[in-house]
Amino acid sequence: MTWIFANFEQIVMLTRDHILLSIPPILLGFILAVPIGYIAHRYRVSRGVLLTVSGLLYTIPSLALVVAMPAILGTKILDPLNLVATLTIYAIALMVRTAADAFDSISPDVRQSATAMGYGPWSRFWKVELPLAGPVLLAGLRVVSASTVSLVTLGALVGLSGLGYLFTDGYQRSFATEILTGVVLTVVIAVVFDLLLILLGRVVLPWAKIEAVARTGDRAPRRRKAVTA
């Protein structure tokens, strides 16, 4: 605890930097992956290609990709943009399949009903398909959030700020308190992000809770009948 109090300012700064590096890849990954996932859902010919490519992207070693980014983007080796771009690629790789599955989960009858009510393809996507796919998309975004927060620690290996610095510095000095502090704060950030996404889901997707209650209600009579039998 003495070390934590003595280095409190630095810990707060590293935590702030970690958060700032985590948010852009999560948002960019989601924004870019949803339309790609929709294309994979809509056009079966492209589905296999898009899902295969996204899967292959996630197999690229993260540190190698971060180091290669300056040559690809023309940035400096210590530019935070390198890490943001790398983590955005991983976020897209994780979200594309989830997005495709989310749109696949919508009943064709719902789409036909929306078309019969006069919705065009564009308005049907925004007003019908995207809201109904929302709960599955949110579940995928939560996975992306946790993954991104953990991967930001890799930035320390290429000289970027963040809680990963506590890992590398702690290992070099064989100082367990510093390492444990980095681990705990990384987990705390991941948990806070997850809770915020859950809260956002309850605000933006209130029908998801209603649907879950309805499904529970449908199962309840069946259980009572089974007990009675």
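Q: Hi! How many helices and how many strands does the secondary structure of this protein come to?
A: Hi there! This is a predicted model, and its secondary structure comes to 10 helices and 0 strands.

Q: What do the elements look like from the N terminus on?
A: They run α-α-α-α-α-α-α-α-α-α.

Q: And how much of the protein counts as buried?
A: The protein has 229 residues, and 38% of them count as buried.

Q: Let's talk about α2. How many residues does this helix have, and how far does it reach?
A: Helix α2 covers residues 8-42, which is 35 residues. From its first C-alpha to its last it reaches 51 Å, close to the 51 Å expected at 1.5 Å a residue.

Q: Where in α2 does the kink lie?
A: Look at Ala33: a kink of about 25° lies there, shortly before the proline Pro35.

Q: OK, on to α9. Why does its span agree with what it should be?
A: Helix α9 (residues 176-204) has 29 residues, so at 1.5 Å a residue it should span 42 Å. Its end C-alpha atoms are 42 Å apart, which agrees.

Q: Which residues of α9 are buried?
A: Among them are Glu178, Thr186, Ile189, Ala190, Phe193 and Leu197.

Q: Some of those numbers sit a few places apart. Why might residues in a helix point the same way?
A: An α-helix has 3.6 residues a turn, so residues three or four places apart point the same way.

Q: New topic: what volume does the largest pocket have?
A: About 750 Å³. It is lined by 28 residues, and the closest to its centre are Phe30, Val34, Leu137, Leu141 and Leu200.

Q: Which helix gives the largest share of that lining?
A: That's α7, with 11 residues. Helices α2, α7 (121-151) and α9 each supply at least two residues of the lining.

Q: One more spot: Ser54. Which helix is it found in, and is it buried or exposed?
A: Ser54 is in helix α3, residues 44-59. Its relative accessible area is 5%, and buried means under 20%, so Ser54 is buried.

Q: What does Ser54 touch, not counting residues up to four places away in sequence?
A: Ser54 touches Ala93 and Val96.

Q: Last one: across the protein, what share of contacts between residues at least 6 apart in sequence join residues at least 24 apart?
A: For those contacts, the share is 72%.

Definitions and conventions: Residues are numbered from 1 along each chain as its sequence is written. This is a predicted model: local features need pLDDT of at least 70, side-chain atom pairs count only at pLDDT 80 or more; totals for chains, interfaces and linings use all residues. Side-chain values use heavy atoms; hydrogens and water are left out. Helices (H or I, at least four residues) and strands (E, at least two) are DSSP runs, numbered from the N terminus. Buried means under 20% relative accessible area, exposed over 50%, partly exposed in between (1.4 Å probe, protein chains only). Contact means heavy atoms within 4.5 Å. The expected span of a helix is 1.5 Å times one less than its number of residues. The bend at a residue is the angle between axes fitted to the seven residues ending there and the seven starting there. On a 1 Å grid over the protein atoms alone, a cavity is a set of points where a 1.4 Å probe fits but cannot get out, and a pocket is an open set with protein on both sides within 12 Å along at least five of seven lines; lining residues have an atom within 4 Å of a point. Grid points are joined across faces, edges and corners, and a volume is the space filled by probe spheres set on the points.
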